[in-house]
Amino acid sequence: MSTGNRTAAEPVPAAGERDTAPPVARLAPARHGARPAPARHGARPAVPFWTGGILLLLLSVAVAVTIGPARISVPDVFSAVAAHLGFGDSDLSPIRDGIIWNLRMPRTLLAAVCGAGLAVCGTVMQSLLRNPLADPFVLGVSSGASTGAVVVVVLGVGGGAVSLSAGAFVGALLSFALVLLLSHTLGGSTDRVVLSGVAAMQLFSALTSFVVMTSADAEQTRGVLFWLLGSLSGVGWSEVVLCSAVLAVCLVICLAHARTLDAFAFGQDAAAALGVNVARTRIVLLCTTALLTAALVSAAGAIGFVGLVLPHAARALTGSGHRRLLPVTALAGAVFLVWVDTLARTVLDPQEVPVGVVTALIGVPAFVLVLYRTRSTP
């Protein structure tokens, strides 16, 4: 099928978005031992593009660690990291070494992981639900995590044995389970999934507000509200390792379904005609994005607009082929949130601005732009 003659099952690309969705013939499974189609020439520049993105991310992390009240240089950062990884010794003082390795480096790396994970979740959900305005929180995962955190902190559930992050993770999973149950009961279509997510989000938001208003004192209320707006302060290496591991596993799963996500661009009927198990694929990818979002929210709180805006920016650079789009989106989200977090912790120094506030200030104008570009999309 050529791109010049669209069928009813093929979506019309948003204004300004390059129509690089692969033809249906290339998505069809190979039959009778047929050789796979050769790679397109347009895919070759992707490798140096990704290499440049990785270098940009590493440079962003190194420079972001140097920004703050303490005077630290990029060579100091590399020296401290090399020493802790067993490559030589560092001549830095224990205080400067501690600032780099124990304070700024975990926070900056977690910002990169959260940015990459939220952007990947947004990309998958926008393709899977065929909704350009879908983001990781459309399934109510963020609201469920907020409720779980509030129940642990304010009501003291767990008797101190359950941490805020663990409570947030359990709440996120409960919220997603409710969404799956509602959407399955209502028919399981994409619009029912979105509506079930909205219902769960409103329910858990109301529960969070009720618990805070009836049981929390002033100090608890302030701490909970700051966390709900997104905060990377006080994180350690345990959060970085856990979230990085979850991101790696979920990214591999999403990349393994890249061609399937390309097929979903033509609609569920077309994807089913190409041999895609639509129901199973949707469950696998929705569970993957929910698990990743739950892990990130439990560590950093609710950081909005990253999964909504970054996929559109990456799509403008690479097109809609998910084998290239997913890694580029992850790199873009990582670099973006590293600098947003750096701005959040330094712009009003010594006071810290919640990361979610900064992402909202940047994301709302971008969101309006997305609405403007997709206003004519059926």
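Which residues form a nonpolar patch on the surface? In this predicted model, the patch consists of Ile54, Leu55 and Leu58, with about 300 Å² of accessible area together. Leucine 58 belongs to helix H2 (residues 46-66) and is exposed, its relative accessible area being 54%.

Side chains of opposite charge can pair when their charged atoms come close. The count of salt bridges in the model comes to 4. One of these joins the side chains of arginine 96 and aspartate 76, at 3.0 Å from N to O. This pair links distant parts of the chain, with arginine 96 in helix H4 (residues 94-128) and aspartate 76 in helix H3 (residues 74-84), 20 residues apart. Arginine 96 is partly exposed at 30% relative accessibility, whereas aspartate 76 is buried at 16%.

Arginine 107 forms a salt bridge with aspartate 341 (2.9 Å, N to O). Arginine 107 lies in helix H4 and aspartate 341 in helix H14 (residues 322-346), so this pair ties together parts that are 234 residues apart in sequence. Both partners are buried: arginine 107 has a relative accessible area of 9%, and aspartate 341 has a relative accessibility of 1%. Arginine 107 also forms a salt bridge with glutamate 352, with the closest N and O atoms 2.9 Å apart. Glutamate 352 is in the loop between H14 and helix H15 (355-373), 245 residues from arginine 107.

Arginine 282, in helix H12 (residues 278-300), is buried yet has no salt bridge. The nearest side chain of opposite charge, that of aspartate 191, is 7.8 Å away. Residues touched by arginine 282 include Leu128, Gly188, Ser189, Thr190 and Gln268.

Key
Residues are numbered from 1 along each chain as its sequence is written. This is a predicted model: local features need pLDDT of at least 70, side-chain atom pairs count only at pLDDT 80 or more; totals for chains, interfaces and linings use all residues. Side-chain values use heavy atoms; hydrogens and water are left out. Helices (H or I, at least four residues) and strands (E, at least two) are DSSP runs, numbered from the N terminus. Buried means under 20% relative accessible area, exposed over 50%, partly exposed in between (1.4 Å probe, protein chains only). Lys and Arg count as positive and Asp and Glu as negative; His and the chain ends are not counted. Contact means heavy atoms within 4.5 Å. Patches are made of residues with over 30% relative accessible area and no salt bridge: like charges are joined within 9 Å, nonpolar side chains (Val, Leu, Ile, Met, Phe, Trp, Tyr) within 5 Å. Accessible areas come from the Shrake-Rupley method with a 1.4 Å probe; for residues, only the protein chains shown count as cover. Lists of a residue's contacts leave out its neighbours within four places in sequence.
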